[in-house]
Amino acid sequence: MMEANLSNGMNDKSYSRFFGFVIVMSAVLFSFSSCLEGKKEEGVKTAEALIFPADAKASSEYNTGDVYVSLLKESGNTMIAHFIFKPDSRNFWHYHPDAEQTLLVLDGEGYYQEEGGEKRVIRKGDVIVTPPNVRHWNGATPDSSIVCMTITEHAIENHAVQLRAVTDKEYAY
């Protein structure tokens, strides 16, 4: 087996590193899926069990309900943030000036809406790309938390322009 790998350009050291990487990534993915499995009644597992932290409570100045966030990267022209929206929580209407945002749904169920569009249910595995300057909001459903990661290309000084709270009528399904 080793001879086949060596003949394809892999030496013992690179093969060992690659094999080690595969084992570690498999363990991480298994661990992540295991810690969230069977937790539907809670929405998602607590923040301590997640791969990325989301341990700082987000400001109620721009959010309704219990929202937790961690900034994973905020240098250069890219911001990566990890969010947990607890049931009934959501952010305010906002937009990103001249910047696209990608929302990755890691677990749970929530809502997403762009101004002028229909509110839609989003679930684990969904990827939403919001074009620059499009007003939008997202958050959890009344019965489930949602875990998200956002990747936003942005101008350093004005990452997001916050607008108004999402009304209960807009939020209700």
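Helices (H or I, at least four residues) and strands (E, at least two) are DSSP runs, numbered from the N terminus. By that definition, the protein has three helices and twelve strands, and Y112 lies in strand β7. This is a predicted model, in which local features need pLDDT of at least 70 and side-chain atom pairs count only at pLDDT 80 or more, whereas totals for chains, interfaces and linings use all residues. Residues are numbered from 1 along each chain as its sequence is written, and side-chain values use heavy atoms, with hydrogens and water left out.

**Overall composition**

- Of the 173 residues of the protein, 35% count as buried; buried means under 20% relative accessible area, exposed means over 50%, and partly exposed lies in between (1.4 Å probe, protein chains only).
- The protein exposes about 10,000 Å², of which carbon and sulfur atoms supply 55%; accessible areas come from the Shrake-Rupley method with a 1.4 Å probe, and for residues only the protein chains shown count as cover.
- Among contacts (heavy atoms within 4.5 Å) between residues at least 6 apart in sequence, 66% join residues at least 24 apart.

- Strand β7 (residues 101–114) pairs with strand β8 (residues 120–123) in the antiparallel sense over four bridges; two strands pair if DSSP finds at least two bridges between them.
- In this pairing, E109 stands opposite R123 in β8.
- Five residues separate β7 and β8 in a hairpin, and G116 in the turn has a positive phi of about 85°.
- Y112 counts as buried because its relative accessibility is 3%.
- Leaving aside neighbours within four places in sequence, Y112 is in contact with L103, E118, K119, R120, I122, I128, T130, H136, W137 and N138.
- The C-alpha atoms of Y112 and G139 are separated by 6.8 Å, while the two residues are 27 apart along the chain.

**Nonpolar cores**

- A nonpolar core is a set of buried Ala, Val, Leu, Ile, Met, Phe, Trp, Tyr and Cys residues joined through side-chain atoms within 4.5 Å.
- The largest such core has 14 residues, of which F83, F85, L103, I122, I128 and I146 touch the most other members.
- Strands β3 (67–73), β4 (78–85), β7 and β11 (146–153) each supply at least two residues of this core.
- Apart from this core lies another, of five residues, among them W93, Y111, W137 and V166.
- Not counting residues up to four places away in sequence, F83 touches V67, Y68, V69, I146, V147, C148 and T150.

- Most residues other than glycine have a negative phi.
- D98 is not a glycine, yet has a positive phi of about 55°; D98 lies in the loop between β6 (94–95) and β7 and is exposed, with a relative accessible area of 67%.
- N133, also not a glycine, has a positive phi of about 65°; N133 is found in the loop between β9 (127–130) and β10 (136–140) and is partly exposed, at 39% relative accessible area.

**Nonpolar surface patch**

- I51, F52 and L72 form a nonpolar patch on the surface, with about 240 Å² of accessible area together.
- Patches are made of residues with over 30% relative accessible area and no salt bridge, with like charges joined within 9 Å and nonpolar side chains (Val, Leu, Ile, Met, Phe, Trp, Tyr) within 5 Å; a salt bridge is a side-chain nitrogen of Lys or Arg within 4 Å of a carboxyl oxygen of Asp or Glu.
- I51 is in the loop between α2 (12–36) and β1 (56–57) and is partly exposed, with a relative accessible area of 44%.
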